[in-house]
Each structure stands twice: as C-alpha cells, then as structure tokens.
Amino acid sequence: MLFNSFVFILIFLPLTLAGCFLAGRIGARVAAAWLAAASLVFYGWWNPPYVLLLLASIAGNWLSGLALARSRTSSSARRRAILGVAVGANLLLLGYFKYANFFLGTAGLALGMPLGVGDVLLPLGISFFTFTQIAFLVDTYRGEVTDYDLVHYGLFVTFFPHLIAGPILHHKEIMPQFDRPDAFRPQWRNISVGLTIFVIGLAKKVVVADSLAPFVAPAFAPDAPVALFDAWGAALAYTLQIYFDFSGYSDMAIGLAQLFGIRLPLNFDSPYKARDIIDFWRRWHMTLSRFLRDYLYIPLGGNRKGASRRYVNLMATMLLGGLWHGAGWTFVIWGGLHGLYLVINHGFLAVARNLGLAARPQTMVAAISGRTLTFLAVVVAWVFFRAPDLATALNVLGAMAGQNGAHAFAHWSREYSWIAGGLLVVFVAPNTQQIMTAYAPALGRVEPLGDLWRRFVWSPNAGWLVAGIALALWSMSRLNQSSEFLYYNF
C-alpha cells in the first residue's frame with residue numbers, strides 16, 4: 001500500500017486512526033496491539049504471504065533478544081554465540097532474498113557457468129526491518145534494552161510509517177513512547193502538525209518527484225544516444241527526483257507517526273546544502289548513517305587506530321552501505337565513490353589542521369566553492385546509483401563530459417524549468433522542520449531562518465489552513481498516476 005494512494009489516505013489511515021484512538025481509551029497497550037495489527041495489514045496489502053516472513057523475523061529476533069537478556073550472568077563466549085547466531089540468521093535471510101543471485105551470478109561469470117537461485121521476489125522493506133532488529137540485538141547484548149514486551153516490540157518493528165523505507169529506528173527512541181500517558185490519544189496539536197507535515201511530504205512526492213521522473217528514464221536506457229545537455233539534464237533531474245522522493249517519504253512518515261502521538265527521528269536535513277561530503281552524510285538518510293557509524297564503522301575501529309586504518313574503515317563502511325542499497329556493482333561503485341570522497345575530505349581537513357588553516361573563518365567564496373564541489377560530486381555518484389548497469393552509467397558520464405557532442409538549446413523546455421525550480425528550492429528554501437519550527441516536536445537540529453523566510457513559519461491560523469487544503473487538493477489530483485517511492489526498492 002502506498003502513502004500516495006486513495007486507498008491509504010481515504011480508507012486505511014482514517015480507519016486506523018479511529019481504531020487506535022478508541023482502543024487508546026481502554027489502554028495504551030491495547031492501542032499498540034491494534035496499531036501493530038493494522039501495520040501488518042498495511043504490509044500484507046503488497047503480498048500477503050510475506051506477512052508470515054515478517055512475523056517469523058519478529059518472533060525469532062524477540063526470542064533471541066530474550067535469550068540475550070537472560071544470559072547476562074552467563075559466560076561472554078555463550079552470549080557472543082547467541083548474538084552471532086541471531087545476527088547471522090538475519091543476514092542469511094537478507095542475503096538470500098537480496099543478494100543470492102548477485103553473488104552467485106558474479107561467481108558464475110568468473111567460473112564461466114550460469115549460477116543462481118531463480119527469480120526471487122524481494123520482500124518490501126527487508127533491509128529496513130532487518131537492520132532495525134540487528135540494532136536491537138546488539139543493544140540487548142550491550143545491556144541497553146529494558147523493554148521486552150512482545151506487543152511493544154512488534155509495533156516497534158512493524159509501525160507502518162517507517163516499515164517500508166525507514167527511518168531505521170533505535171528501540172530507545174521509540175519503545176518508551178508506547179507507555180506515555182498521552183500516546184495513542186487524539187490531540188489537536190498532533191493532528192494539525194502531523195497532517196501538515198504529511199501534506200508537505202505528499203506534495204514533494206507527487207507534484208515534484210513524479211514530475212521529474214519522465215525526464216530521467218530516456219537518458220538512462222541502455223545504449224541510449226545521449227548528448228551533453230541531455231545527460232546533464234537527466235543527471236540533475238534524477239538528483240532532484242531522489243531528493244524530493246526520499247524527502248517526501250521522510251516527511252510523510254514523521255507526519256503519520258505524529259498523528260498517533262509518536263515522534264520518529266529526523267532522517268533528512270537539506271543534504272544538498274552540505275558544505276562538504278562529511279556534512280552531506282550528516283544530512284542524508286541520517287538514521288542509516290547513524291547505523292553504519294554505530295554498528296559497523298566504530299566496531300571496525302573507527303578512528304582509534306590511526307589515520308590509515310580510519311580511511312580503510314571509511315571505505316569498508318561505505319562499500320557495504322552501497323551494497324545495502326542494492327545488489328549490483330553500480331551500488332558498490334556508488335558506495336565506493338562516497339567512501340573515496342570521505343577519505344579525501346578527512347585527509348584535506350587533516351592537512352588544513354596541520355597548517356593551522358582550520359581555525360580561520362571560512363570566506364564566502366570558500367563556502368560557495370565547497371557546496372558546489374560537494375553537490376557536483378554527489379551528482380556524479382548518483383549516475384551510478386540510477387543506472388541499470390555499469391555500461392549505461394559510463395555512457396551517461398561520458399556524455400556529461402562531452403564525448404557524445406552537444407546540442408544547442410532550441411528553447412527553454414519544461415524539463416529545464418522543473419530542474420531550475422527544484423534547484424532553487426533545495427539550495428534556497430527552508431526545509432520542513434524549519435517551516436514547522438514553532439509548533440512541531442523536536443525533529444532534530446533546526447538551522448535558524450533568515451528574515452526573508454521567518455514569515456513562512458507554520459502556525460495554526462486560517463492562512464495556513466487554506467494553504468494546506470490547497471496543497472492537499474493539488475496533490476490528491478495527481479494520485480491517479482501514483483508511483484512507488486524510490487527507496488521501496490532497497
């Protein structure tokens with residue numbers, strides 16, 4: 001079921017809200033059980049048999065968490081064995097559905113024989129609910145988990161706003177909310193703020209991201225004859241498409257959770273305004289960055305074993321982060337590029353510190369140059385992320401470099417208008433959490449707004465009500481052409 005569909009907006013969401021609020025009058029645990037059941041219906045709408053897979057994953061990880069919790073007085077070797085088996089089972093499940101054909105196909109090419117497991121339908125959200133539960137197991141092993149209630153755990157994993165495409169949750173930021181006295185109770189502030197954030201996200205998806213999609217596909221078709229401006233247009237269009245698609249999903253998830261009185265962590269913070277690639281990864285898919293840092297980069301040694309080891313750890317983390325997004329060499333290259341960018345960025349900062357330049361105030365020219373270089377590096381990497389294969393990615397990049405020639409602008413087409421408008425929004429306009437500064441919950445860091453934009457801060461008045469209704473109607477008018485979110489594929 002898609003957030004951007006009539007059946008979700010007009011049927012599933014109202015029924016789920018009403019049932020949750022009625023159940024909340026009995027008790028928070030009853031409401032949590034209702035919401036977990038509704039989330040399973042949401043997931044099963046796509047492919048009902050895979051609900052059994054999700055339930056098996058939840059049951060196995062909950063039992064493993066209990067076993068870890070009860071083994072606190074056991075030997076460290078036994079506890080490590082329990083954790084290893086549980087995490088290994090998660091990775092085997094993910095590996096079979098997502099990576100078996102990729103690795104077997106690669107081995108088959110090396111051996112000169114066809115290898116594979118046949119067509120395997122990738123379960124929606126498997127990367128997200130697998131990583132969420134691995135984090136729970138590791139934190140249980142570390143003694144950081146206190147709530148093992150099965151209803152709470154089931155809702156923690158299945159809560160429909162985040163189930164399919166994140167954010168990747170930590171138990172400590174979500175499960176304690178299920179016991180709050182005001183959880184699952186109707187509150188005007190939660191409903192008004194949640195609906196506003198949801199509508200903003202819906203507009204990002206159906207009005208902007210889906211309008212950019214037709215400009216992307218032709219250039220990324222295999223063996224497409226692409227010239228200079230077409231290639232740059234397609235690369236920029238995809239850069240904006242994935243921005244508004246993922247930003248829209250993140251807003252909609254936060255807004256939906258807020259309707260129920262649940263606060264999800266911020267997952268997206270104007271990444272194209274980043275001053276360097278380190279800052280980009282503090283702003284893009286923030287919960288994945290946090291997971292990779294806490295459960296991969298730091299356990300590998302982080303920066304504790306010298307600069308050389310730090311760079312190796314960065315590359316390993318980003319390569320695996322690229323592979324997490326998809327089973328293909330284009331995703332590995334995308335991750336490797338970002339790993340290389342991070343190594344260069346950290347190396348440059350180290351040199352600047354040694355030369356005493358890091359403490360100097362940054363000039364406007366340096367700030368603009370840093371943001372521009374970061375953005376262009378991200379655009380180049382997105383080409384590999386979007387391309388169906390390596391040959392197509394190299395074809396588009398070659399065209400961007402001018403190897404296929406250029407054509408003159410015959411006229412300013414609709415495509416370039418959408419791209420120009422999108423770039424203006426991502427570089428200049430405030431993001432959702434800035435707009436909602438005064439009334440939204442603490443969504444994370446919020447950069448201060450300049451005088452020009454302060455008048456656009458949301459407040460519960462007639463003007464914003466009219467604007468919200470207009471934006472909702474505009475978005476709803478485009479739902480007949482609704483499409484999946486790009487991150488549903490990961």
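Helix α9 (188-216) is the one that gives the most to the lining of the largest pocket, with 11 residues. Helices here are DSSP runs of H or I with at least four residues, numbered from the N terminus. A pocket is found on a 1 Å grid over the protein atoms alone, as an open set of points with protein on both sides within 12 Å along at least five of seven lines, and lining residues have an atom within 4 Å of a point.

This is a predicted model, where local features need pLDDT of at least 70, side-chain atom pairs count only at pLDDT 80 or more, and totals for linings use all residues. Residues are numbered from 1 along each chain as its sequence is written, and side-chain values use heavy atoms, with hydrogens and water left out. The pLDDT is the predictor's confidence in each residue, from 0 to 100. The protein averages 88, and 93% of the residues score at least 70.

Back to the pocket: 48 residues line it, and Thr196, Ile200, Ile435, Trp464 and Leu471 lie nearest its centre. There is also a cavity to look at, meaning a set of points where a 1.4 Å probe fits but cannot get out. By this rule the count comes to 1 cavity of 30 Å³ or more. A volume is the space filled by probe spheres set on the points, which are joined across faces, edges and corners. For residue classes, Ala, Val, Leu, Ile, Met, Phe, Trp, Tyr, Cys and Pro count as nonpolar, Asp, Glu, Lys and Arg as charged, and the others, Gly among them, as polar.

| Space | Volume | Lining by class |
|---|---|---|
| Largest pocket | about 1,100 Å³ | 30 nonpolar, 15 polar, 3 charged residues |
| Largest cavity | about 40 Å³ | 6 nonpolar, 1 polar, 1 charged residues |

Helix α15 (residues 364-386) gives the largest share of the cavity lining, 4 residues. Phe375 is one of the lining residues of that cavity, and Phe375 also takes part where α15 meets α10. Contact there means heavy atoms within 4.5 Å. The two helices pack at an angle of about 90°, with their axes 9 Å apart. They are therefore roughly perpendicular to each other, a label for angles of 65 to 115 degrees. Axes are lines fitted to C-alpha atoms over the stretch in contact, and angles run from 0 to 180 degrees between N-to-C directions.

Notes:
Parallel < 35°, antiparallel > 145°, perpendicular 65-115°, else oblique.
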